Amino acid sequence: QVQLVESGGGLAQTGGSLELSCVVIGSIASFATMGWYRQAPGKERELVASITGGGMARYGDFVKGRFTISRDNAKNSVHLQMNNLNSEDTAVYYCNVDHRSPPAHQLYWGPGTQVTVSS
């Protein structure tokens with residue numbers, strides 16, 4: 001059984017910073033891709049950032065250099081440092097683990113953590 005426990009959401013001011021953390025409880029392979037998605041009210045869930053087991057990162061177009069994703073394989077954790085936040089970053093942020101070992105493919109999601117950016 002794999003569980004994702006998120007922390008670090010909350011309230012930030014425009015231009016401020018927040019760091020999200022996600023710890024994976026249970027066993028996942030070090031090659032699994034870990035990442036963060038977000039969903040704002042009335043919008044679809046979208047990729048914020050992901051990072052492969054080898055450390056290759058990918059970001060949503062809206063990030064524009066403001067966020068940095070990192071992972072600690074020894075601690076089964078992934079982190080998202082968010083800087084220069086704006087109101088459009090307000091959303092529920094979800095930790096994600098994409099574990100592929102063909103033919104098996106498992107997706108795991110955290111419960112979500114609210115990020116609210118106010119001016």
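Mentor: The torsion about the S-S bond of Cys 22 and Cys 95 is about -85°, so the disulfide (a pair of cysteine sulfur atoms within 2.5 Å) is left-handed. This is a predicted model, where local features need pLDDT of at least 70, side-chain atom pairs count only at pLDDT 80 or more, and totals for chains, interfaces and linings use all residues. Residues are numbered from 1 along each chain as its sequence is written, and side-chain values use heavy atoms, with hydrogens and water left out.

Trainee: Which parts does the pair tie together?

Mentor: Cys 22 lies in strand E3 and Cys 95 in strand E9, so the link ties parts 73 residues apart in sequence. Strands (E) are DSSP runs of at least two residues, numbered from the N terminus.

Trainee: Are Cys 22 and Cys 95 buried or exposed?

Mentor: Both are buried, meaning under 20% relative accessible area; exposed is over 50%, and partly exposed is in between (1.4 Å probe, protein chains only).

Trainee: New topic. Which residues touch the most other members of the largest nonpolar core?

Mentor: Trp 36, Val 48, Val 78, Leu 80, Met 82 and Tyr 93, out of 28 residues. Such a core is a set of buried Ala, Val, Leu, Ile, Met, Phe, Trp, Tyr and Cys residues joined through side-chain atoms within 4.5 Å.

Trainee: And what is Leu 80 in contact with?

Mentor: Leaving aside neighbours within four places in sequence, its contacts (heavy atoms within 4.5 Å) include Leu 18, Trp 36, Val 48 and Phe 67.

Trainee: Where is Val 23?

Mentor: Val 23 is in strand E3, residues 18-25. At 38% relative accessibility, Val 23 counts as partly exposed.

How values were computed: Helix = DSSP H or I, 4+ residues; strand = E, 2+ residues; numbered from the N terminus.
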